Amino acid sequence: MKSLAVVTFLLFFIINLNAQENQSDLAKLMSPTSEVVAIHDVELLPGQDAKVFETFVLKEIAPIYNKMEGQSFSLVKGDRGNRVNLYAFILSFKSIEDRDRIYPPSGDMVGDFGEDAIWQKLSSMAKVFYSHTDYVKVTH
């Protein structure tokens with residue numbers, strides 16, 4: 001029984017040490033000034049017109065994001081691969097600091113995100129923000 005406890009402890013210790021080394025390696029590749037790209041998958045709801053959606057996003061949503069210093073917005077539509085004809089919002093940040101200033105880790109909303117009616121209309125047209133990933137530009 002003691003040997004099982006010792007083996008379990010050693011296994012836990014090795015796994016934890018390896019996880020810390022991997023986090024340390026990741027930290028070396030990133031800095032507060034690393035560029036960030038956030039990709040939010042978007043799917044039109046049934047019955048929605050793609051051109052009406054595109055026009056709405058480019059005229060109403062894009063300006064909200066683009067007015068925030070350190071951030072830019074793009075609407076993209078899949079051309080090849082797994083998400084052909086599906087959309088994504090791409091938010092580009094000059095740095096992790098900019099991303100964290102606009103979208104703090106606390107989850108609080110900072111800044112002027114416009115009228116609720118705009119976001120309600122977007123929600124009536126598409127499923128947005130259900131799946132996203134922030135990517136940090138890797139530099140050596």
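This report describes the fold, the aromatic pairs and the nonpolar core of a predicted model.

**Overall architecture**

The protein comprises four helices and four strands, and from the N terminus on these elements follow the order α-β-α-β-β-α-α-β. Of its 140 residues, 28% are buried. Among contacts between residues at least 6 apart in sequence, 71% join residues at least 24 apart.

**Aromatic pairs**

A pair of aromatic rings is described by the distance of the centres and the angle of the planes. The structure holds seven aromatic pairs, and two of them are set out below.

| Pair | Centre to centre | Angle between planes | Geometry |
|---|---|---|---|
| Tyr65 and Trp119 | 6.0 Å | 85° | edge-to-face |
| Phe93 and Tyr103 | 5.9 Å | 85° | edge-to-face |

Phe93 belongs to strand E3 (residues 87-93), whereas Tyr103 sits in the loop between helix H3 (96-102) and H4, 10 residues apart from Phe93. Tyr103, with a relative accessible area of 22%, is partly exposed.

Both pairs belong to one aromatic cluster, formed by Tyr65, Phe73, Phe89, Phe93, Tyr103, Phe113 and Trp119.

**Nonpolar core**

The largest nonpolar core has 26 residues, and those with the most contacts inside it are Phe53, Val57, Ile61, Phe73, Phe89 and Leu122. At least two residues of this core come from each of strand E1 (36-44), H2, strand E2 (71-77), E3, H3, H4 and strand E4 (126-136). Which element supplies the largest share of this core? That element is H2, with seven residues.

Val57 illustrates the packing in more detail. Leaving aside residues up to four places away in sequence, Val57 touches Ala62, Pro63, Phe73, Leu75, Phe89 and Leu122. Phe73 and Phe89 are also members of the aromatic cluster, and Phe73, Phe89 and Leu122 are, like Val57, among the residues with the most contacts inside the core.

Technical notes: Residues are numbered from 1 along each chain as its sequence is written. This is a predicted model: local features need pLDDT of at least 70, side-chain atom pairs count only at pLDDT 80 or more; totals for chains, interfaces and linings use all residues. Side-chain values use heavy atoms; hydrogens and water are left out. Rings of Phe, Tyr and Trp (its six-membered ring) pair if their centres lie within 6.5 Å; planes under 30 degrees apart count as stacked, over 60 as edge-to-face and the rest as tilted. Buried means under 20% relative accessible area, exposed over 50%, partly exposed in between (1.4 Å probe, protein chains only). A nonpolar core is a set of buried Ala, Val, Leu, Ile, Met, Phe, Trp, Tyr and Cys residues joined through side-chain atoms within 4.5 Å. Contact means heavy atoms within 4.5 Å.
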